[in-house]
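Dear colleague,

I am handing over the structure we spoke of, with the sequence alongside. Please have both open while you read the notes that follow.

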Amino acid sequence: MLGFDALVLDMQHGMAIGPDRAALWLQAVSTTDTVPIVRVPWNEPFFIQWVLDAGAYGVIVPLVNSREEATKAGGASRYPPLGYRSAGANRARLYGGIDYFKHANKEMIVW
């Protein structure tokens, strides 16, 4: 059986794809070797951090038109000291392992 290297879930243009549906999709993809990427609806830390905590290994951030907006997206995707993503009890430890917080900054894809 052939699989995919990566799949992208489009929350920006996907009809009725909110956090609940994205979480279900991320759970399903995590049972495979496929890398889940999510196009968030907007460049807001809430969306970026939420999908990463739910299991995405990368985000596509739409409508980034300045250095400041790129810095905002990058910062939301990284734990300190490289960014300001918060660390808490979430699904990340289940799919990324007990040492997730040590290696997550190196593994996240941000477009």
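A residue is called buried here if its relative accessible area is under 20%, exposed if that value is over 50%, and partly exposed in between. Please keep in mind that this is a predicted model.

By that criterion, the buried residues of helix α3 are Ala73, Gly75 and Ala76. They span an arc of only 165° around the axis, which places them on the same side of α3. Arg67 and Thr71, on the other side of α3, are exposed. As for what lies over the buried residues of α3, the covering elements include α2 (45-54) and β4.

Helix α1 can be described in the same terms. Its buried residues are Ala22, Ala23, Leu26 and Val29. When one looks down the axis of α1, these buried residues fall within an arc of 130°, so they line one face of the helix. That buried set packs against β1, β2 and α2, whereas Asp20, Arg21 and Leu24, on the other side of α1, are exposed. The helix itself, residues 19-29, lies across β1 and β2 and runs at about 160° to β2. Glutamine 27 also belongs to α1, and with a relative accessibility of 37% it counts as partly exposed. Between glutamine 27 and lysine 106 there are 22 Å in space, C-alpha to C-alpha, and the two residues are 79 residues apart in sequence.

Turning to the sheet, four strands form an open arrangement in the order β1-β2-β3-β4, with parallel pairing. The edges are taken by β1 (6-10) and β4 (109-110), each of which has a single partner strand, so one side of each is left without a neighbour in the sheet. The partner strands β1 and β2 (residues 35-39) pair in the parallel sense over five bridges, and within this pairing aspartate 10 stands opposite arginine 39 in β2.

The last topic is the aromatic side chains. How many aromatic pairs does a search of the whole structure find? The search finds four. In one of them, the rings of tyrosine 79 and phenylalanine 101 have their centres 5.2 Å apart and their planes at 75°, so the pair is edge-to-face, given that an angle over 60 degrees counts as such. Because tyrosine 79 lies in the loop between α3 (67-76) and α4 (92-96), while phenylalanine 101 lies in helix α5 (residues 100-107), the pair ties together parts that are 22 residues apart in sequence.

The accessibilities of these two residues fall into separate classes: tyrosine 79, at 5% relative accessibility, counts as buried, whereas phenylalanine 101, at 23%, counts as partly exposed. Phenylalanine 101 also forms an aromatic pair with tyrosine 100, again edge-to-face, with 5.5 Å from centre to centre and 75° between the planes. Tyrosine 100 counts as buried, at a relative accessibility of 0%. Through these ring pairs, Tyr79, Tyr100 and Phe101 are linked into a cluster.

How values were computed:
Residues numbered from 1 in each chain as written. Predicted model: local features only at pLDDT ≥ 70, side-chain atom pairs only at ≥ 80, totals over all residues. Heavy atoms only, no water. Phe/Tyr/Trp six-rings, centres within 6.5 Å; stacked < 30°, edge-to-face > 60°. Helix = DSSP H or I, 4+ residues; strand = E, 2+ residues; numbered from the N terminus. Buried < 20%, exposed > 50% of the residue type's maximum accessible area, 1.4 Å probe, protein only. Pairing = 2+ DSSP bridges. Contact = heavy atoms within 4.5 Å. Axes fitted to C-alpha atoms, helices over the stretch in contact; angles between N-to-C directions. Arc of directions from axis to C-beta.
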